[in-house]
Amino acid sequence: MSEDSICIEVNTKLGELTIRLLNKIGIVNKKFKIKKNQNSLYVPIIHKPNESELEFLKKSISDFQILITSFSLKKNPIKKIDDLLDNQIPKHLLKSLPQSMDFVGDIAIIEIPFELKKYSEFLARAVLKIHKNVKTVLSKSGPITGNYRLRSLKFLAGENRTQTIHIEFGCKYYLDIAKVYFSPRLSQEHNRVASLVGRDEVVLDLFAGVGPFSIPIAKNNPEARIISVDLNPDAIEFLKKNIRLNRVDNNIIPFVGDARQLINKNLVGLADRVIMNLPETAKEFIDVACKAIKPRGGIIHYYEFMRIPDSIEKVKHRFSKRVQQAGRIVDRFLFVKNIREIAPFRYQIAFDVIIH
Ligand SMILES: C[S@@+](CC[C@H](N)C(=O)[O-])C[C@H]1O[C@@H](n2cnc3c(N)ncnc32)[C@H](O)[C@@H]1O
């Protein structure tokens with residue numbers, strides 16, 4: 001049996017590298033067999049690469065095409081969760097099955113709708129059957145809360161643990177998902193920001209977590225100096241482990257503490273770039289971020305949760321006003337994007353802003 005699929009065509013010499021890169025960004029369509037002719041390899045993908053995925057591929061592969069062609073289906077196509085649960089939950093509830101889940105290392109995290117709660121364990125066992133590399137299934141049992149931005153999680157199936165190693169764009173993150181914030185949904189954003197940093201910049205990662213901005217920046221730029229701050233001592237302990245795991249001991253300096261206090265005490269006027277990934281309350285730190293930027297200016301990567309009917313223009317205006325109140329000016333917004341929907345009518349937006 002064959003079906004049409006969008007795919008990447010490359011010279012066979014680049015085949016192995018291309019498959020590796022596409023797997024890294026997680027867009028290989030595993031339903032189909034990869035096909036080959038004399039000169040070309042065709043790798044089926046699940047969607048047309050977006051801007052940052054294209055940029056990532058072009059860094060390593062100079063010549064490839066995106067086209068649609070027919071592929072043979074693999075002999076044992078991965079079963080869909082609905083098939084596995086067909087006899088275990090009432091048919092009318094199949095439509096409520098979660099459409100997606102988060103994978104953090106070998107842990108799957110699912111959000112189970114109220115009407116499916118009593119079938120949670122069936123669902124978790126089906127996840128283990130389908131995703132052979134998943135060893136633990138947890139469910140979200142509350143929203144992300146508190147200063148450390150943690151979520152309570154419930155163990156459902158597999159190995160009862162919350163620690164794992166997550167790999168993102170070739171960087172490894174050892175973490176405990178019950179003790180630190182981590183979202184695999186931000187991988188493109190981590191990679192995008194890391195790709196912008198210049199060779200010998202000083203970067204201040206104000207809300208660093210376990211290091212998904214700091215580590216790739218350090219890896220790409222061995223001469224850059226990265227100061228990584230987080231209030232959560234567990235996050236900084238894992239960051240220290242990740243610094244060793246990724247062999248970037250020379251250029252990341254981790255600090256536990258409150259961003260405002262640390263900047264006021266030690267970090268005034270030294271950064272070329274400040275990363276502010278604490279969307280819930282980042283606005284309260286715009287003044288100190290401005291203080292941390294070098295007197296000649298620099299760039300702020302700013303994140304905020306926007307609630308409709310607020311508009312991006314409104315958030316930009318508010319941001320500029322706070323920068324002005326801090327005695328600096330916004331020179332230019334280099335990048336403004338709605339990066340993900342976090343709930344109905346709520347979005348995470350990202351700005352890259354030049355500050356003078
Ligand atoms: C949304 S998480 C982002 C973590 C990481 N940058 C990432 O992309 O995964 C925000 C982090 O900010 C930390 N945090 C909260 N308030 C803080 C403060 N006042 N000073 C420093 N870090 C803070 C939290 O502990 C949490 O790890």
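## A buried strand residue

Ile109 counts as buried, at 7% relative accessibility; buried means under 20% relative accessible area, exposed over 50%, and partly exposed in between (1.4 Å probe, protein chains only). Ile109 lies in strand S6 (residues 107-110). Helices (H or I, at least four residues) and strands (E, at least two) are DSSP runs, numbered from the N terminus. The C-alpha atoms of Ile109 and Leu138 are separated by 4.9 Å, although these residues are 29 apart along the chain.

The model is predicted: local features need pLDDT of at least 70, side-chain atom pairs count only at pLDDT 80 or more, and totals for chains, interfaces and linings use all residues. Residues are numbered from 1 along each chain as its sequence is written, and side-chain values use heavy atoms, with hydrogens and water left out.

## The ligand and its surroundings

The ligand is surrounded by 19 residues, the closest being Phe207, Asp230, Asp258, Ala259 and Asn277. A residue is near a molecule if one of its heavy atoms lies within 4 Å of it. By class, this shell has 11 nonpolar, 6 polar and 2 charged residues. Here Ala, Val, Leu, Ile, Met, Phe, Trp, Tyr, Cys and Pro count as nonpolar, Asp, Glu, Lys and Arg as charged, and the others, Gly among them, as polar.

Some pairs of atoms can be named. An N or O atom in the side chain of Asp258 is 2.7 Å from a nitrogen atom of the ligand. For Ala259, a backbone N or O atom lies 2.9 Å from a ligand nitrogen. The side chain of Asn277 has an N or O atom 2.8 Å from an oxygen atom of the ligand. Taken alone, the ligand exposes 600 Å², and the protein buries 97% of that. Accessible areas come from the Shrake-Rupley method with a 1.4 Å probe; for residues, only the protein chains shown count as cover.

## Salt bridges between separate parts of the chain

The structure holds 20 salt bridges, each a side-chain nitrogen of Lys or Arg within 4 Å of a carboxyl oxygen of Asp or Glu. One of them joins Asp102 and Arg185, with the closest N and O atoms 2.8 Å apart. This pair links distant parts of the chain, 83 residues apart: Asp102 is in strand S5 (residues 102-104), and Arg185 is in the loop between strand S10 (171-176) and helix H5 (187-196). Asp102 is buried at 13% relative accessibility, whereas Arg185 is partly exposed at 44%.

Arg199 and Glu223 also meet in a salt bridge (2.8 Å, N to O). Arg199 lies in the loop between H5 and strand S11 (202-205) and Glu223 in the loop between helix H6 (214-220) and strand S12 (225-230), so the pair ties together parts that are 24 residues apart in sequence. Arg199 is exposed, with a relative accessible area of 58%, and Glu223 is exposed at 51%.

Lys240 forms a salt bridge with Glu237, the closest N and O atoms being 3.6 Å apart. Both residues lie in helix H7, 3 residues apart, about one turn of the helix. Lys240 is partly exposed at 32% relative accessibility, as is Glu237 at 40%.

Leu245 is also found in helix H7 (residues 233-245), and Leu245 is partly exposed, with a relative accessible area of 34%. Elsewhere, Glu304, Asp310, Lys314 and Arg318 are linked in a network of salt bridges.

How values were computed. Polar contact = N/O pair within 3.5 Å; in protein donor to acceptor, adjacent residues only side chain to side chain.
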